[in-house]
Amino acid sequence: MNNIRNIIKSIKFWLNCARVYSLPITILSWLVAFIYSTKYNGCILAGLIALIGISLVHMATNLIDDYFDYKILLKDEKYMNSAQHCKCAYLKNNQTTVKELKTAIIIFLALASIIGALLFFISGPYVLLLAIIALIIAIIYPKLSIIGLGEIAVIIAYGPLMFEGVYYVMTKSFSKEIFILSLACALFTNTILYAHMLMDFDGDECSHKITLCRKLKTKTNALNFILIFYVSSYILIGLIAQSLHNHWFYLTYLTIPLILDLYNSLRLYNKNKNQLPNVYIWHYPLDNWKQIKDTPEASFYFRFFYSRNIVTLFMLLACIAIILG
């Protein structure tokens, strides 16, 4: 009995380290592609199996990112002090070791490979190509992120790779329309990562990590650039609405006031990273907010969760548009 409890405890620990709480966005991205594919007689079982594989690769990528970030933290005391307190916390607090982290990464990737093999037999040979691309992105993402190309990897992974992948395993074909829709959703999803990097500007500067934000030289330039992701997404949503003759997609434009609010909140963070805005009902849900709000990480987590919530609403509105269209 104790062994079972220890195994369950270990699973919970590694799921938390792999940031399982970030999976809702992945699931919502999948859901948009899944619902779209069901309208074209897609195989529901194949789509559900794909979700498991996608989730495992996502969590493996988070752990791989932590592995490389921690190596940088150990080399640079300035980065250790300037980075967010939550960055690699389970390693900094000696809750586990780097060796155990590598083992966990291998396990996550091995499980994802099993799912990929199953889909290969269910849906066809292109699953292998899609799986290889996903694995390459998961492995090289940390390297790409330190040279300012992390956003490209995220857009590919959360856009064409995921959407066309789900559509393929469900329908055994590809689609031009879902490719456009995938880019619109991926650009929006990428804003969560971008907002995170914007708030990590000082830490990345100390570690000489070249993110897209740092390539833009100043925090102000980096902040303004987030609007390009949002505007591009809205333009693509407009294109897909016209292409599919489905004007319900314009419901996603309801997120614009929230984006302006987030933009102002990030502007204040650029001036003072400890600044915590007034919290209103439209900012929720904020995970474990009662425990977090009085900690040094509160201002960071508030904006991170808020950016996630905006993306969540966008995805849900896209799903409603597909259903009603």
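Predicted model: local features only at pLDDT ≥ 70, side-chain atom pairs only at ≥ 80, totals over all residues.
The chain is helical in its secondary structure, with 15 helices and zero strands. Its C-alpha trace spans about 55 × 50 × 40 Å along the principal axes. The radius of gyration is 20 Å. For 325 residues, a compact globule would have a value near 20 Å, so the chain agrees with that expectation. Buried residues account for 52% of the 325 residues.

A nonpolar patch lies on the surface. Its members are Phe 120, Phe 121, Leu 128, Ile 132, Leu 135, Ile 136, Ile 139 and Ile 140. Together they have about 740 Å² of accessible area. Two helices, α6 and α7, each supply at least two residues of this patch. Helix α7 covers residues 126–145. The most comes from α7, which gives six residues. Phe 120 sits in helix α6. The relative accessible area of Phe 120 is 32%, so this residue is partly exposed.

Lys 99 belongs to helix α6, which runs over residues 98–123. Lys 99 has a relative accessible area of 66%. The cut-off for an exposed residue is over 50%, and Lys 99 is therefore exposed.

Key:
Residues numbered from 1 in each chain as written. Heavy atoms only, no water. Helix = DSSP H or I, 4+ residues; strand = E, 2+ residues; numbered from the N terminus. Buried < 20%, exposed > 50% of the residue type's maximum accessible area, 1.4 Å probe, protein only. Patch = residues over 30% accessible without salt bridge, like charges linked within 9 Å, V, L, I, M, F, W, Y side chains within 5 Å. Areas by Shrake-Rupley, 256 points an atom, 1.4 Å probe, with all protein chains shown as cover. Salt bridge = Lys/Arg side-chain N within 4 Å of Asp/Glu carboxyl O. Rg over C-alpha atoms; globule rule 2.2 N^0.38 Å.
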